[in-house]
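Work through the following exercises with the sequence and the model side by side.

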Amino acid sequence: KLGLRKSSVIFFQNSSNRDLFIKLKIARNNTILLPGSGVNLEYHSLRQYPSTDSPIKFIFIGRVKKDKGIEEYLSMATKVKYLYPNTEFQIIGKCEDQSFLTQLQKLHSQGIINYCGTTSDVRPYIESVHCAIMPSYHEGMSNVNLESAACGRPIITTNVPGCRETINDGISGYLIKPKSTIDLVEKVIKFINLPYSEKIDMGIAGRRKMENE
């Protein structure tokens, strides 16, 4: 309240955060809702979808820490890889929580995940996968989701502020319950079993959403 009391306008990246500030009377009629920081549609251009000949590939892009949903991603990858061996689960991002490093190394050596470390350009990695997964507990607005959708990739993400706004559930991706490995596993399997053409259509729908919104 002290910091924002003289603000002429307060920008929010999702409606849930804005509603909370209005409820607490930190903000009144001086708010503007933005669709995140936006995404460069030329830099993150629509990419050719991977062929059916390769394994079905998924990717997690983000800081490796608990509130990004890394525990659920690793647990899901272990379960799905057992049921569907022709899958690949990639991870791009700095391991900020060292308690996960041993687990990452173990699962990588077992072939359950492919931990790729960090990169200055995520586009080749997004291009190589069939679907992006962001199981974060909360975001302002997930840039990873915006970039993945702009590249034409379906997204599986949590039904929380900053994530749910980035997809149309069942059209450009799937929403999952936060902190639910079970729901994440179910949605990943549901995606795996989609016809190839529907996977492509889902990615195109995400691209259109980025162009329009």
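Axes here are lines fitted to C-alpha atoms, for helices over the stretch in contact, and angles run from 0 to 180 degrees between N-to-C directions. Helices (H or I, at least four residues) and strands (E, at least two) are DSSP runs, numbered from the N terminus. The model is predicted, so that local features need pLDDT of at least 70 and side-chain atom pairs count only at pLDDT 80 or more, whereas totals for chains, interfaces and linings use all residues. Residues are numbered from 1 along each chain as its sequence is written, and side-chain values use heavy atoms, with hydrogens and water left out.

**Exercise 1.** Determine how the axes of H2 and H6 cross, and which residues meet.

Step 1: the axes of H2 (residues 70-83) and H6 (residues 181-192) come within 9 Å and cross at roughly 45 degrees.
Step 2: H2 and H6 are therefore oblique to each other, given that angles under 35 degrees count as roughly parallel, over 145 as roughly antiparallel, 65 to 115 as roughly perpendicular and the rest as oblique.
Step 3: in contact (heavy atoms within 4.5 Å), residues of H2 including Tyr73, Met76 and Val80 meet residues of H6 including Leu184, Val188 and Ile192.
Step 4: by class, this contact of H2 with H6 has 9 nonpolar, 2 polar and 2 charged residues, where Ala, Val, Leu, Ile, Met, Phe, Trp, Tyr, Cys and Pro count as nonpolar, Asp, Glu, Lys and Arg as charged, and the others, Gly among them, as polar.

**Exercise 2.** Carry out the analysis for H5 and H7, asking at what angle they pack.

Step 1: H5 (residues 143-150) and H7 (residues 196-212) pack at about 115 degrees, with their axes 7 Å apart.
Step 2: H5 and H7 are therefore roughly perpendicular to each other.
Step 3: Leu146, Ala149 and Ala150 of H5 make the contact with Gly203, Gly206, Arg207 and Met210 of H7.
Step 4: the classes represented in the contact of H5 with H7 are 4 nonpolar, 2 polar and 1 charged.

**Exercise 3.** Place Ser54 in the fold, and find its contacts.

Step 1: Ser54 lies in the loop between strand S2 (31-33) and strand S3 (56-61).
Step 2: leaving aside neighbours within four places in sequence, Ser54 is in contact with Asn86 and His130.
Step 3: the C-alpha atoms of Ser54 and Leu146, 92 residues apart along the chain, are separated by 25 Å.
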